[in-house]
Amino acid sequence: MNKQKTLAFQVRRYSPCSPEEFTFAKFEVPYQVGMSVMDALRYAQENLDSSLAFDCSCRIGICKACALRMDGEVVMACSTVARDGMRLEPINTTNVCRDLIVRARTHHATVSEILSSLSTPSEGRN
Amino acid sequence: MQGNTKILSTDVLVIGSEGAGARAALEATECGCHVTLITKARLGKSGATQCAPGDFALNSNSALKLGMDGDERDSWELHFEDTLEGGKRLNDVAMARIMTEGAEDAMAYLMELGVPWSRLGFYPGHRYPRGAMVGTVGKTGTSLLQGLHKAVKRRKITVLEDTFAIELLTDKGIVSGCIVLYVPSGELLIIQAKVVILATGGGSRIYWLTSGPEEVTGDGMAMAFRAGAELIDMEFVQFSPYTMIWPQGLRGHQSFVYEYFCVLNSWLMNCYGDRFMSKWDSERMEHSTRDTLSIAMMSEILAGNGSEHDGVYLSVTHLPKNLLEHFAEDYFPGLQVGSFHLREFGVDPQHVAFEVAPGAHFFMGGVRVDTNCATTLPGLYACGEVSGGAHGANRLSGNALTETQVFGAIAGCKAAEFALNRANTTIEIDQNQVDSVRERIRLMSGSDEGLCPFVLREQLQQLAWRQVGVIRDQKGLENALSTLKDWETSALPRIRIKTKTNVFNVELVKALEFENMLQVLKAITISALSRSESCGAHYRTDSIPDSSVPVRYVIQRNEQRMELSSVTVEADIV
């Protein structure tokens, strides 16, 4: 077998239905020169664990939807080159919805919350 | 996901929150309606408008009147004429007219919202400078959206983000809302509305290589089709030759590629080092038109003469080092493009060629609408890239942003009128429709072994790019169609989602998108098979000259089948 270079990384994972608060999942993906953090995440999601959740839109550095922390530093996953051994975490850990997905505290979590916020006259919309 | 589905009521439901959707929402609010604006992603962090590096097209004389450096010899009639010429006169003439005539007012509205237009660019196909831009390259789309979204937030518009529209609801044949998936909790929600406006954008992500964002998967077109609306001009998909294919981390980028390609005297080469453009356009070579470049590049790729990663080589290494340094200093100081440091990605224009290929850029076709943005289905309106007609067989630079604003306003106004006329109607929810969506999701969520939506998505994107993309022929299209039919019957029912939680179940969203992508690609394929002569963005290697009256192809649902018909093209009367 061809010995392909790989890139190993960890992702802080969180799911509201899992008993533990959060875990670090380890992934190992084929390494390519000029591969972004987003490419590594995409490979893991498409080939290793389809439940891995993160935001991704433009992939060209405009929308900033993919912002996260790589080894503690805030970066955009699309415009940052992947590093072997990197540790990926959500941009902040207080408003994590799942894995790397973070939403503002005012963002409604359930349909009931939306409907009740809409029926109050002074709605505090996100 | 059991239990009663909750209901949210509104006058006007707008699906899609960016260029066209935000504009439509503002207009409908100004007409006195309560508006609910939903997006499957987030406001200002999604959609194709944000990616628009370029311009908003309006005639140069109007630009001059609005304080830009325009040319008084231009007029909307000339802009209209150029738009028809670019569209190979297959445009919906009335729509092209409304778009070009309405551009000045649309621009004035954006100025009132504070969009700081600063200069006017000169782009191919336009006989005068008509491309209004904001500041530096790449700022136009985002500035336009900031203006619109600020206004949306000031109005009493209900905005729901992370809300994926699954199926339109109809009551007595009239569109009356939508069943949506609220992604943060995984709950289904019924949004009951007097009228619905689709502003979901195009479907560039159906293609493996594209400049479009992750979300543009043709959802609005597929949903409208399933509800019974007509699609039109689906065979016309515009490709951009200036799309990076490798390194992987830069795939889909266009901005800096365009500068190296067009400003410098660059060379396009196949894997043998041949400058293959000499076979296609020996005079203009690498400065040929976008469609010729795309066709030439894809021909090399499909013939197996492409680069290591399925593109072709774009090289400037023949130019002197100090010239390249000077160029980079002028355009991309430190070889930095936005937040991307090109060197970190392994890009070194002095020594190494880029790998580029044609990427899907824009859908000229879409949901068929009339000049009021009304679709063929009562209660359903559409505006922006999701609709088809104004651009004909090919779109001119800048007309995409113009389309979002001119038709966004019209859709908002006309849909509001429709809603107000229906003010006293009680809408009944068809529980069968809700149950069938619930059942579809339940089947996908079963724990059995099945097909992964991510894998299927990539297979479909490859099929689209290779066989229904820049270069087409009967055999390839028939082959693609039979694969798509096969996927409909054998792959769709076997999609299984492994994600166990309902909270931000991204995999479920991808599975729902896959069905939309499949239907839209099928519509493109059927339309492309019918048009045997190459025209505009539709290129066939087996093109047969067709001297009969020009027609436009329409796709509609008949029971479970996709049926094709044609309409003749109107005469172009100014």
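**Close-ups of a predicted two-chain model**

The C-alpha centres of domain 1 of chain B and domain 2 of chain B lie 28 Å apart. Everything shown in these views comes from a predicted model.

**View 1. Where the two domains of chain B meet.** Domain 1 covers residues 242–360 of chain B, and domain 2 covers 446–547. To make their contact, domain 1 of chain B puts in seven residues and domain 2 of chain B puts in five. Which element supplies the largest share of the domain 1 side? That's helix 8 of chain B, with six residues. Sorted by class, the side of domain 1 that touches domain 2 in chain B has four nonpolar, two polar and one charged residues.

**View 2. An open sheet of four strands in chain B.** Run across the sheet and you meet the strands in the order 11-16-13-12, with antiparallel pairing. Strand 11 (237–246) and strand 12 (267–269) of chain B each have a single partner strand, so they stand at the edges with one side left without a neighbour in the sheet. On average, and ignoring direction, neighbouring strands here are turned by 40° against each other. Zoom in on the pair made by strand 13 (residues 312–315) and strand 16 (residues 354–363) of chain B: they're antiparallel and joined over three bridges. Follow B:Tyr313 across and you land on its bridge partner in strand 16 of chain B, B:Glu355. Helix 8 (residues 290–302) of chain B packs on this sheet, touching strand 11, strand 12, strand 13 and strand 16 of chain B. The direction of helix 8 makes about 55° with that of strand 11 of chain B.

View 3. Most residues other than glycine have a negative phi, and most peptide bonds are trans. B:Pro247 sits in the loop between strand 11 and helix 7 (255–262) of chain B.

**View 4. A positive phi at B:Asp162.** B:Asp162 isn't a glycine, yet its phi is positive, at about 50°. Where does B:Asp162 have its place? Look in the loop between strand 6 (158–160) and strand 7 (163–171) of chain B.

**View 5. Helix 3 against helix 4 in chain B.** The axes of helix 3 (residues 76–86) and helix 4 (residues 93–112) of chain B come within 9 Å and cross at roughly 140°. Helix 3 and helix 4 of chain B are therefore oblique to each other. As for handedness, helix 3 of chain B passes helix 4 of chain B in a right-handed crossing. Helix 3 of chain B brings B:Trp76, B:His79, B:Phe80, B:Thr83 and B:Leu84 to the contact. Helix 4 of chain B answers with B:Val93, B:Ala96, B:Arg97, B:Thr100, B:Glu101 and B:Ala103. By class, the contact of helix 3 with helix 4 of chain B has six nonpolar, three polar and two charged residues.

**View 6. Helix 12 against helix 14 in chain B.** Helix 12 (residues 453–467) and helix 14 (residues 506–530) of chain B have axes that come within 9 Å and cross at roughly 25°. Helix 12 and helix 14 of chain B are therefore roughly parallel to each other, and their crossing is left-handed. On the helix 12 side of chain B, look for B:Pro453, B:Phe454, B:Leu456, B:Arg457, B:Leu460 and B:Ala464. They meet B:Glu507, B:Lys510, B:Ala511, B:Phe514, B:Met517, B:Leu518 and B:Leu521 in helix 14 of chain B.

View 7. Chain A has two helices and seven strands, and along the sequence they follow the pattern β-β-α-β-β-β-β-β-α. The C-alpha trace of chain A spans about 65 × 35 × 25 Å along its principal axes. The contact between the chains takes 38 residues from chain A and 44 residues from chain B. On the chain A side, the elements that give two or more residues are helix 1 (37–48), strand 6 (96–98) and helix 2 (111–119) of chain A. Helix 2 of chain A gives the most, with four residues. The side of chain A that touches chain B divides into 20 nonpolar, 11 polar and seven charged residues.

Conventions:
Residues are numbered from 1 along each chain as its sequence is written. Chains are lettered from A and ligands numbered from 1 in the order in which they are written. This is a predicted model: local features need pLDDT of at least 70, side-chain atom pairs count only at pLDDT 80 or more; totals for chains, interfaces and linings use all residues. Two strands pair if DSSP finds at least two bridges between them. Axes are lines fitted to C-alpha atoms, for helices over the stretch in contact, and angles run from 0 to 180 degrees between N-to-C directions. Angles under 35 degrees count as roughly parallel, over 145 as roughly antiparallel, 65 to 115 as roughly perpendicular and the rest as oblique. A crossing is left-handed if the near helix is turned anticlockwise from the far one by less than a right angle, and right-handed if clockwise. Ala, Val, Leu, Ile, Met, Phe, Trp, Tyr, Cys and Pro count as nonpolar, Asp, Glu, Lys and Arg as charged, and the others, Gly among them, as polar. Domain bounds come from an automatic or database domain assignment.
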